[in-house]
Amino acid sequence: MSDQERERLLAEMDALIARYVASRIANEATTDRVPLSSVAYDAREPQAALRTILSNWISQGPKVREFEAAFAAYVGTRHGVAVNSGSSANLLALASAIEMGDLAPGDEVIVPATTFATVASPVIQVGCVPVYADVDPLTYNLDAGACDAAVGPRTRWIMAVHTLGYPADIPAIARVAERRGLKILEDCCEAHGAAIGDRKVGSFGTLATHSFFVAHNMTTGEGGMVLTNDDRYAKVNRSLREFGRLDQAAIDEGRFYTDDKLVDYDKRYIFERIGYNVRMTDVTASFGVEQLRKLDAMNAKRIANAAFYTRELARFASYVRPAKVPAGLTHTYYTYPLTVVPGSGVKRGELVRHLERDGIETRPIFAGCLPDQPGFRNQPGRVAGDLPNARMLRDNAFFIGVHPALTERQLGRVIESFGRFFGSR
Ligand SMILES: Cc1ncc(COP(=O)(O)O)c(C=O)c1O
């Protein structure tokens, strides 16, 4: 069969997929439920993924490189190293800091107390100690003052998490880092496209990480990426993600390796360090390339949905505090957080149960206060101060869905449900 004929078959396949997806979407049962997330893709992603499968290259290859280049360019960094999850990205980033001599086992890494488990667990997994610092009660982000106060003699890094898409106060955190001689790892797993001024989060730190898990602003099903402007960090991360072997770019400079023990040895099997296998596949990356094209439009919808909630929920401000974003920041709303005002007489448990009964899905702000979680209580870690804000959020905060697939009717149902709950007060 000629190339031309195969191309024709691919075009037919694309058309069939487009018909199938259009029919699936048209027949999707309309729901009054308001889920936290929804699978947001059309025909383009399965068409791209299937083309990759048919191309006979399904492990890490050219599509991963294309996705890395496109995503790094979008964020504004020189390098992207794709991996199989955001958790792996954090693990790799920290392991690379050790390889680079910028972190050693027993050193400390400051993390926000209110965050997801695999912000702190990779710190422990590489033999270091997470230091839990308090967060700002309005932004849910690491508080720069608390971060400063948390620095100890062995502190080397700050993990600044852009919580739920709200950019962390990087200028203030960078001043702390500068004064204290620390490096910054930005965890952008919840913050694709978020920005401070016209600069995207992920472009400020020595390292940054993203997650492409299915519920996030853009997805590859499972996936993640380490971003950096530092060529040496990029090289080490590439090596760590695949067994610790020699950066395969070195093969372009000649296939064989020689030192005092190995002579003319194939560079594919030269292992420079102790590594992992956390690679992304080309099938996954093809999905990511298509999702990235849609990211800004999907984020615009999230931002509009959030503006609607903020406007409508303002009338219940004595009971629940909605998100507030100062000018100059682009918050991309992975979800929409709310905090029950302490002392207002409202209990989060009652409100959340009411919303869930109405089909509105809710969650607390991840771990609430991470060192209070059962798995973390007896692990290495230092709690900086009493964490009053993190513990207040642990007890009073929650989030609801704000994703682009929500209809006007669903958004309206959310406000009606809050109205019924507070109307009786
Ligand atoms: C802040 C943060 N970091 C890391 C992760 C881990 O990402 P993944 O689920 O892709 O492993 C998450 C998960 O959503 C997260 O919220």
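Here is a short chat about the domains, the ligand shell and some strands of this predicted model.

Biologist: How are residues numbered, and what pLDDT do local features need?
Modeller: Numbering starts from 1 along each chain as its sequence is written. The model is predicted: side-chain atom pairs count only at pLDDT 80 or more, totals for chains, interfaces and linings use all residues, and local features need pLDDT of at least 70.

Biologist: How far apart are the C-alpha centres of domain 1 and domain 2?
Modeller: Domain 1 covers 45–288 and domain 2 covers 294–423, with bounds from an automatic or database domain assignment. Their C-alpha centres lie apart by 27 Å.

Biologist: Which element gives the largest share of the side of domain 1 that touches domain 2?
Modeller: The contact (C-beta atoms, placed from the backbone, within 7 Å) takes 38 residues from domain 2 and 37 residues from domain 1. On the domain 1 side, α5 (117–125), β3 (129–133), α6 (144–150) and β6 (195–196) each supply at least two residues; helices (H or I, at least four residues) and strands (E, at least two) are DSSP runs, numbered from the N terminus. The largest share, 5 residues, belongs to β3.

Biologist: Which helix supplies the largest share of the shell around the ligand?
Modeller: The ligand has 15 residues around it, and the closest are Ser85, Gly86, Ser87, Cys189 and Ser211; here a residue is near if its C-beta atom, placed from the backbone, lies within 6 Å. Both α4 (86–99) and α5 supply at least two residues of that shell. The largest share, 3 residues, comes from α4.

Biologist: How many residues of β1 are buried?
Modeller: Strand β1 (79–83) runs antiparallel to β9 (224–228), joined by 5 bridges, and Ala82 stands opposite Met225. Buried means 20 or more other C-beta atoms within 10 Å of a residue's own, exposed means 12 or fewer, and partly exposed is in between, with C-beta atoms placed from the backbone. By that count β1 is mostly covered, and the buried share of its residues is 4 of 5.

Notes:
Contact = placed C-beta atoms within 7 Å. Pairing = 2+ DSSP bridges.
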